[in-house]
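I opened the model today and kept short notes on what I looked up. The entries follow in the order I made them.

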Amino acid sequence: QANVSNLKTFLSAVRLAHQGNDTSVLPLSPLVPAKNSDVEKPKTKMIITSRRDYPLTKSFPFSLEHLQTSYCKLARIDTRVLCLKKLRKLDLSHNHIKQLPATLGDLVCLQELDLHDNHLEAFSGALCSSDLQKSLQFLDLSQNQIQALPIEFCQLRGLVRLRLDDNALLRLPCRIGQLSHLRFLSAARNKLPFLPSDFRRLSLENLDLFGNPFEQPNPLVPNIQLKIPSTLLECAARATINHRIPYGCHLLPSHLCKDLEVAKTCRCGSACLSSFIQITVSMNLHHVAHTVVLVDNMGGTDAPVLCYFCSLHCYSQFLDRHLQSN
């Protein structure tokens, strides 16, 4: 990349010096410090917004921290992108991506991931267990075809902003309350009939659930799944969770560990696994968010939330208080 004439002069001087010529007659120019404009700085940002401009033969600079490749009709994520270990922001919006590779989780510095307007049908549980759970703060999955998020999704505990609008979500993750840093949540225009009980634990600044077909809550019509007497599995599971007994895949089969991780919590604080009473109750969304977008065109800010009871005793106590309050 040097100036051609200067390079020829330099090579000529090297040749003469190699032949033993007197250094005083060599065609050398005085040293001049390079100008800032002459020094190429590492490229940290690249924005591509058309298929025509997408590099097919040239690699991406490894120094990139912000990469946007939108409207490029990409059917999958380019493997060259997955080698950019310094990436902090990756925008792949407005493409045709159907699946995310597990190696996306190797981008250890990634803080913002925009997958808006693609053809995704799922978000991999492997990604949720990767290094993304420490780094990822902004995730946009809006305008895809996702029906459910995996159990592991709530391991992304660094999330601050989450957009899930215009999907086909039938439910939110049951342990969504574990996202303690989450401040902005948008899941408008999905197919949510109710919210998980763990939703009460969120502390948001902004919440948008507009356009979901929420069911009318009715505490007087319970879904009774109680098994009397309780099975040995149910008793063991409740004891493990209530007494905080350590467990893991080295002690229990993996499917039992997953069941324990999604165990329900009764209003009394006790755990229940597959023996419970389930109802939906109304909750004003201002209890979990400072700013709430109206749930419907009627100006409401209430939504149905699942509620669980570990026994008939706990349910009857709740029912007595509910009837008295009304």
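**Entry 1: salt bridges**

I began with Arg52 and Asp53, whose side chains meet in a salt bridge at 3.9 Å, N to O. A salt bridge here is a side-chain nitrogen of Lys or Arg within 4 Å of a carboxyl oxygen of Asp or Glu. Before going on I noted that this is a predicted model, in which local features need pLDDT of at least 70 and side-chain atom pairs count only at pLDDT 80 or more, while totals for chains, interfaces and linings use all residues. I also noted that residues are numbered from 1 along each chain as its sequence is written, and that side-chain values use heavy atoms, with hydrogens and water left out.

I looked up the cover of both partners. Arg52 counts as exposed, at 71% relative accessibility, and Asp53 as partly exposed, at 45%. The cut-offs are under 20% relative accessible area for buried, over 50% for exposed, and partly exposed in between, with a 1.4 Å probe and protein chains only.

My search of the whole structure gave 8 salt bridges. Another of them joins Asp140 to Arg163, with the closest N and O atoms 3.6 Å apart. Asp140 is in strand E5 (residues 138-140) and Arg163 in strand E6 (residues 161-163), so this pair ties together parts 23 residues apart in sequence. Strands (E, at least two residues) and helices (H or I, at least four) are DSSP runs, numbered from the N terminus. Asp140 is buried at 3% relative accessible area, whereas Arg163 is partly exposed at 34%.

Arg163 also forms a salt bridge with Asp165, the closest N and O atoms being 3.1 Å apart. Asp165 is buried, with a relative accessible area of 1%. Through shared partners, Asp140, Arg163 and Asp165 make one network of salt bridges.

Next I turned to helix H1, residues 4-18, where Leu7 is placed. H1 has 15 residues and reaches 21 Å from its first C-alpha to its last, close to the 21 Å expected at 1.5 Å a residue. The expected span is 1.5 Å times one less than the number of residues. Gly20 follows H1 and has a positive phi, near 90°.

Which residues form a nonpolar patch on the surface? I found Leu7, Phe10, Leu11 and Val14, with about 370 Å² of accessible area together. Patch residues have over 30% relative accessible area and no salt bridge; nonpolar side chains (Val, Leu, Ile, Met, Phe, Trp, Tyr) are joined within 5 Å, like charges within 9 Å. Areas come from the Shrake-Rupley method with a 1.4 Å probe, and for residues only the protein chains shown count as cover. Leu7 is partly exposed, at 40%. An α-helix has 3.6 residues a turn, so residues three or four places apart point the same way.

**Entry 2: strands**

I then checked Leu67, which is in strand E2 (residues 66-69). Leu67 is buried, at 0% relative accessibility. Its C-alpha is 8.0 Å from that of Ile48, 19 residues away along the chain.

I also traced an open sheet of 3 strands in the order E9-E12-E14, with antiparallel pairing. Its edge strands, E9 (223-224) and E14 (302-309), each pair on one side only. E9 pairs with E12 (residues 277-284) over 2 bridges; strands pair if DSSP finds at least two bridges between them. Ile224 has Ile277 in E12 as its bridge partner.
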